[in-house]
Amino acid sequence: MKPSTPYLSNLTPLRGIAALLTVMFHVDLMLGGGGNVLVKFKDSLLFNRLYLMVDFFFVLSGFIMCHVYGKRFSDNDGVWVLR
């Protein structure tokens, strides 16, 4: 069965990377009681902004869901129908 929407192969790895970086950020927060245990935040621009990965993950997931399911939702006048 051929999917009705094309698969976005470049976005799936980005979601995985964002999820892993989010886990690293939260592990660092839990181990150190506020961070700076795994890597000193002031020494790394990436680790200093890992909290943004949560937002990135949710925005990207929402985009993928709209891409995959948007046509079904708009075709049924706002009523979600499982097929």
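This is a predicted model: local features need pLDDT of at least 70, side-chain atom pairs count only at pLDDT 80 or more; totals for chains, interfaces and linings use all residues.
Residues are numbered from 1 along each chain as its sequence is written, and side-chain values use heavy atoms, with hydrogens and water left out.

The chain has three helices and zero strands, giving the pattern α-α-α along the sequence. Helices (H or I, at least four residues) and strands (E, at least two) are DSSP runs, numbered from the N terminus. Helix 1 covers residues 11–32, and helix 3 covers residues 52–75. Of the 83 residues of the chain, 20% count as buried. Here buried means under 20% relative accessible area, exposed means over 50%, and partly exposed lies in between (1.4 Å probe, protein chains only). Contact means heavy atoms within 4.5 Å. Among contacts in the chain with a separation of 6 or more, 57% are between residues 24 or more positions apart.

The largest nonpolar core consists of six residues: A18, L21, F25, F47, L50 and M53. Helix 1 gives the most to this core, with three residues. A nonpolar core is a set of buried Ala, Val, Leu, Ile, Met, Phe, Trp, Tyr and Cys residues joined through side-chain atoms within 4.5 Å. Within this set, L50 is in contact with L21 and F25, leaving aside the neighbours of L50 within four places in sequence.

T22 is a polar residue to look at next. T22 is found in helix 1 and counts as buried because its relative accessible area is 13%. The side chain of T22 reaches the backbone oxygen of A18 at 2.7 Å; A18 is itself one of the core residues. The cut-off for a polar contact is a pair of N or O atoms within 3.5 Å; within protein, one must be able to donate a hydrogen and the other to accept it, and residues adjacent in sequence count only if both atoms are side-chain atoms. Not counting residues up to four places away in sequence, T22 touches M53 and V54.

V54 lies in helix 3. V54 is partly exposed because its relative accessibility is 25%. Leaving aside neighbours within four places in sequence, V54 is in contact with T22 and H26. The C-alpha atoms of V54 and A19 are separated by 7.4 Å, although these residues are 35 residues apart along the chain.

Further along helix 3 is S61. At 10% relative accessibility, S61 counts as buried. Its side chain takes part in two listed polar interactions. One is with the side chain of R15, at 3.1 Å, and in the other the side chain of S61 reaches the backbone oxygen of F57 at 2.9 Å. S61 and L11 are 50 residues apart along the chain, and their C-alpha atoms are separated by 9.1 Å.

I64 also lies in helix 3. I64 counts as buried because its relative accessibility is 17%. I64 touches L8, L11 and R15, not counting residues up to four places away in sequence.

L8 is placed in the segment before helix 1. L8 is partly exposed because its relative accessible area is 25%. L8 touches F63, I64 and H67, not counting residues up to four places away in sequence. L8 and I64 are 56 residues apart in sequence and 8.0 Å apart in space, C-alpha to C-alpha.

Last comes the surface. The chain exposes about 6,500 Å², of which carbon and sulfur atoms supply 68%. Accessible areas come from the Shrake-Rupley method with a 1.4 Å probe; for residues, only the protein chains shown count as cover. L14, I17 and F56 form a nonpolar patch on the surface, with about 240 Å² of accessible area together. Like charges are joined within 9 Å, and nonpolar side chains (Val, Leu, Ile, Met, Phe, Trp, Tyr) within 5 Å. F56 is found in helix 3 and counts as partly exposed because its relative accessibility is 34%.

Technical notes. Patches are made of residues with over 30% relative accessible area and no salt bridge: like charges are joined within 9 Å, nonpolar side chains (Val, Leu, Ile, Met, Phe, Trp, Tyr) within 5 Å. A salt bridge is a side-chain nitrogen of Lys or Arg within 4 Å of a carboxyl oxygen of Asp or Glu.
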